[in-house]
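Visitor: Hi! Could you walk me through this one?
Guide: Happy to. Here it is.

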Amino acid sequence: MFALDLRTQLLSFMLCNLVCLALVVSLWRNNRQRYAGTQDWLANFVLQFLGLLLLLARGQVPNFFSIVVANAMLVGGTYLLHRGLLKFLNRPHQPWPGRLVWLAFVLVHTYFSEVENNAHIRNINISIALAFFGAQMSYLLLRQTPAAQRPIVVTTGWTALSYTVFSLLRLVLELLYPVTPTNAFGSPQAAFIVRGYQLLAIAITITLSLMVNRALIANLNEQLVAKDHTTRALQESEAHFKLAEFLGDQALELAQELQARVSVAEVKLSEVSLQRTQLEELMLSVSRSRDDTLVLDTLAFRLGNSGA
């Protein structure tokens with residue numbers, strides 16, 4: 001009966017993940033041109049859905065697919081989620097550590113599934129891998145993100161930290177209460193783990209949507225601030241233009257006034273020049289008259305002397 005309940009919970013988890021996948025598809029379609037990394041989030045939820053589908057098919061498909069491939073998809077999707085967050089925040093990304101951890105996980109899981117069937121080691125393996133990628137996401141969002149961007153990602157960061165803590169709790173439970181082949185699928189802690197990861201998947205979907213919406217609001221505020229600065233600059237430019245236009249009008253009036261004064265001065269100068277010319281002619285005329293009078297007086301004087 002409990003095994004049936006666990007399968008029902010897995011089915012519920014898979015259907016819930018399908019709804020989350022639909023929401024992330026909408027998120028990706030609306031924001032793939034604005035933000036990088038959304039395609040990795042989408043790939044994560046696709047892999048999570050396929051991995052849960054293979055887990056639910058345990059007993060109907062070969063164990064390699066329902067154990068190794070299914071869990072490889074779950075862990076690989078978490079790696080892609082972390083990579084998408086790095087791209088979203090424009091942070092440098094070194095893919096090799098995450099890929100090496102994923103490859104080591106797959107090798108260990110394959111060995112303890114195909115060579116030596118040990119569910120206890122497999123559960124420890126997956127708990128460590130999920131805790132590793134969860135720790136990477138929480139450290140990125142809560143510590144490495146610049147202070148200006150931290151209000152945008154803080155909710156997602158706390159969700160990633162919860163994911164890490166829950167994975168570590170799963171590891172502790174596995175160490176304290178090891179899973180045996182007889183209770184691997186029907187233990188109470190298995191149902192608790194499925195329900196916990198289901199709630200975390202919902203929380204991650206919601207916080208990713210909130211993170212994108214906050215980023216959009218922040219970009220909108222930046223655009224509004226830039227628009228205000230541009231409007232103020234245009235207003236200041238218009239005021240300067242009006243001032244320059246006013247000063248130009250004043251300068252034109254002053255130039256016209258100076259031109260009028262220069263014209264008056266030129267007229268007066270012409271009158272003075274004319275008067276000077278007339279005076280010179282008058283003086284020349286007077287000088288000639290004086291010379292003529294002097295000649296006549298001299299002739300009269302000589303004629304008088306000769307008559308005497």
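**A chat about the model**

Guide: A search of the whole structure finds 0 disulfides, a disulfide being a pair of cysteine sulfur atoms within 2.5 Å. This is a predicted model, where local features need pLDDT of at least 70, side-chain atom pairs count only at pLDDT 80 or more, and totals for chains, interfaces and linings use all residues. Residues are numbered from 1 along each chain as its sequence is written, and side-chain values use heavy atoms, with hydrogens and water left out.

Visitor: Is Cys 20 buried or exposed?
Guide: Cys 20 is buried, at 5% relative accessible area. Buried means under 20%, exposed over 50%, and partly exposed in between, using a 1.4 Å probe and protein chains only. Cys 16 is buried as well, at 16%.

Visitor: New topic! Which residues form a nonpolar patch on the surface?
Guide: Leu 11, Leu 15 and Leu 18 do, with about 240 Å² of accessible area together. Accessible areas come from the Shrake-Rupley method with a 1.4 Å probe, and for residues only the protein chains shown count as cover. Patch members have over 30% relative accessible area and no salt bridge; nonpolar side chains (Val, Leu, Ile, Met, Phe, Trp, Tyr) are joined within 5 Å, like charges within 9 Å. A salt bridge is a side-chain nitrogen of Lys or Arg within 4 Å of a carboxyl oxygen of Asp or Glu.

Visitor: And where does Leu 18 lie?
Guide: In helix α1, residues 2-31. Helices are DSSP runs (H or I, at least four residues), numbered from the N terminus. Leu 18 counts as partly exposed, at 39% relative accessibility. In general, an α-helix has 3.6 residues a turn, so residues three or four places apart point the same way.

Visitor: How many residues of α3 are buried?
Guide: 21 of its 26, so α3 is largely enclosed by the rest of the structure.

Visitor: Last one: how many aromatic pairs does the structure hold?
Guide: It holds 9. Rings of Phe, Tyr and Trp (its six-membered ring) pair if their centres lie within 6.5 Å; planes under 30 degrees apart count as stacked, over 60 as edge-to-face and the rest as tilted. Phe 132 and Phe 133 have ring centres 5.2 Å apart and planes at 75°, so they are edge-to-face. Phe 132 is partly exposed at 30%, while Phe 133 is buried at 0%.

Technical notes
Helices (H or I, at least four residues) and strands (E, at least two) are DSSP runs, numbered from the N terminus.
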